[in-house]
Amino acid sequence: LFPDLNTLAQPSEGEMVWVGNQTLISHFILLGLFTHSPLHLFFFSIIMVMFLGALSGNGLMILLISIDSHLHSPMYFFLSWLSLMDLMLISTIVPRMATDFLLGHGSISFTGCGLQILFFLTLLGDECFLLAFMAYDRYVAISNPLRYSVVMSRRVCWLMVAGSWLFGLVDGLIQTIFTLRFPYCGSQKIDHFFCEVPAILKLACADTSLYKTIIYVCCVLMLLLPFSVISASYLQILVAVLHMRSAEGRQKAFATCSSHMAVVSLFYGAAMITYMRPQAYHSSKQDKVVSAFYTMITPMLNPLIYSLRNKEVAGALRKLLGRCPCGGQPGLG
């Protein structure tokens, strides 16, 4: 009953694949985020500006961290990986969406849709766990500064990043494989601007209720486990900061952690709205708006949040631009 992905070629818009007594679709049609109305053309232009801003902002963040010695610490090591993940995440979604909008159609092959699901879910899972490791890094730096260099050694940092990629990849593979194993023999139209699992499952011509329940449980775990680590870390950080005698130390700790909390709130808030709400409370318009938030807006805002609230990054930028002969003072971590 299931199509063999290796035998699917790029079809024409009306092509179907016959398997047994069922006609299985070999490609989907993404309806997109916008129509071609003047207002939506304006919104599309804003999205493209945001895309270019995300590319330049995250690319600049990676460059600054790699060339400035003041930023060679675990906190910025994780931040550089976060910027890379944001670059990859927004590049997985926006170029395809923009091409579909400009060409006037959103046809995507079955295999292409599967690859987009895999990349998107892998990167989404990566960020979930990386943000948790970043919170733990701040907890060690503030609560146990004397042992910070030992606890957060270079080897430990690489293991944390590798673990983030591994967890994300496993989650992405599992969801992609099981999603594509369902037969799709009804409508080809996905009411979304990219291949997201909940939107695709609506087109399956088989009972997906058990699988939807499993996905819901997995997504809750994938979000709540890292979020629990983040919450516990920042609760301990808050206790440690309140016991600091130095007002300057408290201010620096709050400045550093508030940037991370802003990123966590933006990312986890949108992801939880999408994946932790029961299906009965979902609507296509709401899902598209929320998905646009964490696939486009968050990757653009992350480098702005860290650069505006972080003296070391701002100092490195001034140094790169030649406005200041010296970088910012090294901070926590």
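Reader: What makes the link of Cys185 and Cys205 right-handed?
Author: This is a predicted model. In it, the angle about the S-S bond is 140 degrees, and the link of Cys185 and Cys205 is right-handed.

Reader: How do you know that Cys185 and Cys205 are joined by a disulfide?
Author: Their sulfur atoms lie 2.0 Å apart. The cut-off is within 2.5 Å. The pair meets it, so this is a disulfide.

Reader: Which parts does the pair of Cys185 and Cys205 tie together?
Author: Cys185 lies in the loop between helix H5 (154-180) and S5. Cys205 lies in the loop between H6 and helix H7 (209-242). The pair therefore ties together parts that are 20 residues apart in sequence.

Reader: Why is Cys185 called partly exposed?
Author: Its relative accessibility is 28%. Buried means under 20% and exposed over 50%. Cys185 falls in between, so it counts as partly exposed. Cys205, at 30%, counts as partly exposed too.

Reader: How many disulfides does a search of the whole structure find?
Author: It finds two. Besides the link of Cys185 and Cys205, there is a disulfide of Cys113 and Cys195, with sulfur atoms 2.1 Å apart. That value is also within the 2.5 Å cut-off, so the pair qualifies. With bonded cysteines counted along the chain, the pattern is 1-3, 2-4.

Reader: What is the handedness of the link of Cys113 and Cys195?
Author: Left-handed, with -125 degrees about the S-S bond. Cys113 lies in helix H3 (residues 110-143), and Cys195 in the loop between strand S5 (189-190) and helix H6 (197-201). The pair therefore ties together parts that are 82 residues apart in sequence.

Reader: Are Cys113 and Cys195 buried or exposed, and why?
Author: Cys113 has 0% relative accessibility. Cys195 has a relative accessible area of 1%. Both values are under 20%, so both residues are buried.

Reader: Why is Cys128 called buried, and why is Cys218 called partly exposed?
Author: Cys128 is at 3%, under the 20% limit, so it is buried. Cys218 is at 32%, between 20% and 50%, so it is partly exposed.

Reader: How do you know that the span of H5 is close to the expected one?
Author: H5 has 27 residues. Its first and last C-alpha atoms are 39 Å apart, and 39 Å is expected at 1.5 Å a residue.

Reader: What covers the buried residues of H5?
Author: The cover includes helix H2 (74-103), H3, H6 and H7. Among the buried residues of H5 are Cys157, Met160, Val161 and Ser164.

Terms used. Residues numbered from 1 in each chain as written. Predicted model: local features only at pLDDT ≥ 70, side-chain atom pairs only at ≥ 80, totals over all residues. Heavy atoms only, no water. Helix = DSSP H or I, 4+ residues; strand = E, 2+ residues; numbered from the N terminus. Buried < 20%, exposed > 50% of the residue type's maximum accessible area, 1.4 Å probe, protein only. Expected span 1.5 Å × (residues − 1). Contact = heavy atoms within 4.5 Å.
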